Amino acid sequence: MTPARRVLFVCEGNRARSQLAEAMLRHHGAGRFEVYSAGIRPGDEVPDFTIQALDEAFYPSGGLRSKHFGEFVEQEFDFLIVLCDKVRAEAPGLPRARVRLDWPIEDPGDMQKSMPLAEALRQNRAELRSRIVRFMEEQSCIFCQILAGE
């Protein structure tokens, strides 16, 4: 059996996007992935609005906590997935990863100017789900595994 692939999602605050992604990949990946999230300027805790967005779609939120990316800097990951442009510009010392992916997803706080926060989070959740499903399909590709030496 192939060991779980280690994935770290990073965004600015580790308040919404990266927390959603962590919970969703952990759920959909069902043990195939060891999933973490972090931010360059994390809050003290995961906000209620993020927990509500996960609960609304029946994603487990247990165990989520707000973390600084520095907590992971000495670790290695199979995938580092960066969810916002601010991370690229402001955090050059990110943890090492075999593969880095950039998934720029708009900050729900910025989207809140044109829609309610709950709707912005729903849009983030839908976009993340689509990307996560595609990501998992790509990791199941037998030819991709052969090329990666697995």
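Predicted model: local features only at pLDDT ≥ 70, side-chain atom pairs only at ≥ 80, totals over all residues.
Biologist: What is the average pLDDT of the protein?

Modeller: The protein averages 90. The scale runs from 0 to 100. A score of at least 70 is reached by 92% of the residues.

Biologist: Which elements have the lowest and the highest mean pLDDT?

Modeller: Helix H6, residues 142-147, has the lowest, at 58. Helix H2, residues 48-56, has the highest, at 97. Where pLDDT is low, the coordinates should not be read in detail.

Biologist: How many helices and strands does the protein have?

Modeller: There are six helices and four strands. Along the sequence they follow β-α-β-α-β-α-β-α-α-α.

Biologist: What makes the radius of gyration agree with that of a compact globule?

Modeller: Set the value against the rule. The rule is 2.2 Å times the number of residues to the power 0.38. For 150 residues that gives a radius near 15 Å. The protein has 15 Å, so the value agrees with a compact globule. Its C-alpha trace spans about 45 × 30 × 25 Å along the principal axes.

Biologist: How much of the protein counts as buried?

Modeller: Buried means under 20% relative accessible area. By that cut-off, 44% of the 150 residues are buried. The accessible surface comes to about 7,900 Å², and carbon and sulfur atoms hold 52% of that surface.

Biologist: Which residues have the most contacts inside the largest nonpolar core?

Modeller: They are Phe9, Leu25, Leu83, Leu128 and Phe135. This core has 40 residues. At least two residues each come from strand E1 (5-11), helix H1 (17-29), strand E2 (33-39), H2, strand E3 and helix H5 (117-139). H5 gives the largest share, six residues.

Biologist: What does Phe9 touch, beyond residues up to four places away in sequence?

Modeller: A contact needs heavy atoms within 4.5 Å. The partners of Phe9 include Ala21, Leu25, Val35, Ile81, Leu83 and Trp103. Ser18, Glu22 and Tyr36 are also among them.

Biologist: What share of the contacts with a separation of 6 or more joins residues 24 or more positions apart?

Modeller: That share is 68%.

Biologist: Why is Gly62 called exposed?

Modeller: Exposed means over 50%. Gly62 has 61% relative accessibility, so Gly62 is exposed. Gly62 also lies in the loop between H2 and E3. The C-alpha atoms of Gly62 and Ile40 are separated by 22 Å, and the two residues are 22 apart along the chain.

Biologist: What is the phi of Phe58?

Modeller: Phi is near 65 degrees, a positive value in a residue other than glycine. Phe58 is found in the loop between H2 and E3.

Biologist: How do you know that Phe58 is exposed?

Modeller: Its relative accessible area is 72%. The cut-off is over 50%, so Phe58 is exposed.

Biologist: Where is Ala30 found, and what is its phi?

Modeller: Ala30 is in the loop between H1 and E2. Its phi is near 40 degrees, again positive in a residue other than glycine.

Biologist: Why does Ala30 count as exposed?

Modeller: Ala30 has 63% relative accessibility. Exposed means over 50%, so Ala30 counts as exposed.

How values were computed: Residues numbered from 1 in each chain as written. Heavy atoms only, no water. pLDDT = per-residue confidence, 0-100. Core = buried A, V, L, I, M, F, W, Y, C linked by side-chain atoms within 4.5 Å. Buried < 20%, exposed > 50% of the residue type's maximum accessible area, 1.4 Å probe, protein only. Areas by Shrake-Rupley, 256 points an atom, 1.4 Å probe, with all protein chains shown as cover.
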